[in-house]
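Biologist: Could you show me the model, and then walk me through it?
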Amino acid sequence: MPPIPHPLVSALRAYVRHAPPVLASAPLIRYLNQELARRPRTAITRTRDGDLVAVTTSDLIQRFLYLHGVWEPHLTAWIRGRLTRGDTFIDVGAHTGYYTLLASRLVGAPGRVVAIEASPAFHTSLTEAVQRNACHNVRTVNAAAADTARTLTFYLQDTANLGNTSAVQPKTSHSSFQIEALPLPEILSPHELAAARLIKIDVEGAEAFLMEGLAPVLGNLRADVELVIEVTPRSLAKQGQSVHDVLEPLQAHGFHTYRIANDYDSTSYPSAVRRPAAPERWDGPVSDMTDLIFSRVDADQLR
């Protein structure tokens, strides 16, 4: 199939972003998604929240940002409604900075964002994104969060999904790097930890180790703190751990568990952007990769 001329790609992308969901047809979105994966574009694009991000569309996250202007629309909408001016946001596993930039806008000049990223390459992209968007309330840290101070090796399994870089060794990997790891309370200042309104954790299988390092200070966090944790049962099992190792310390400190929808099918994005779903109480098993929210709010839905 011949390549789509760049001006036509831009026009179709604008149509997908702004047309009502009933008109932004699934075949068109699917075709554009495949085209951008097969014949990658490199560009500076603007998200729906107004942030400028550098993208290469061979990568899943960057492709969705280029096409839709948003990543994980249900979670993005929830965070928009949760953070307010003056808040502190901790972004553990910040990747190239999508949530960091979003939070920086939401918390404003009086607020604070700490973006922690293990990959030196991603940390460079993260720092560039912060500078490009003049986010003066952001501190970036090139480190990994774990249970104890040690050196970790990370592996990139698939160049089509750079966000899947993990300390869990796969059968084959494209590349690897080593980085120093510390417990999260040692990466953050006492003030940053005490002020945190939201802590987002996306560490691709290291969430149980991170929770072990964070558990001793959970009782010191502010009463309304909430945590968003991507839980990966298969990666945990490869290390002799389980979802229980992530949930138990939080439940012991009065946190309730909520599940937020997350669909990586590009065709689902137009509807999700317009009608994001609220997190719902979750008491069932977690067998697949799932985004969970932990809050001391006790409700059926977390609005």
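Modeller: Two strands pair if DSSP finds at least two bridges between them, and strands (E, at least two residues) and helices (H or I, at least four) are DSSP runs, numbered from the N terminus. This is a predicted model, in which local features need pLDDT of at least 70 and side-chain atom pairs count only at pLDDT 80 or more, while totals for chains, interfaces and linings use all residues. Residues are numbered from 1 along each chain as its sequence is written, and side-chain values use heavy atoms, leaving out hydrogens and water.

Biologist: How do β11 and β12 run, and how many bridges join them?
Modeller: They run antiparallel, and two bridges join β12 to β11, which covers residues 256-259; Y258 stands opposite R281 in β12.

Biologist: And what is the strand order in the sheet?
Modeller: The sheet is open and mixed in pairing, with eight strands ordered β5-β4-β3-β9-β10-β13-β11-β12.

Biologist: Which strands does helix α4 touch?
Modeller: Helix α4 (residues 73-82) packs on the sheet and touches β9, β10 and β13, where contact means heavy atoms within 4.5 Å.

Biologist: Different topic: is R17 buried or exposed?
Modeller: R17, in helix α1 (residues 6-18), is buried, meaning under 20% relative accessible area, with exposed being over 50% and partly exposed in between (1.4 Å probe, protein chains only). Among the residues R17 touches are T45, Y66 and R274.

Biologist: And what about helix α9?
Modeller: Six of the eight residues in α9 (207-214) are buried, including E207 and M211.

Definitions and conventions: Axes are lines fitted to C-alpha atoms, for helices over the stretch in contact, and angles run from 0 to 180 degrees between N-to-C directions. Lys and Arg count as positive and Asp and Glu as negative; His and the chain ends are not counted. A salt bridge is a side-chain nitrogen of Lys or Arg within 4 Å of a carboxyl oxygen of Asp or Glu. Lists of a residue's contacts leave out its neighbours within four places in sequence.
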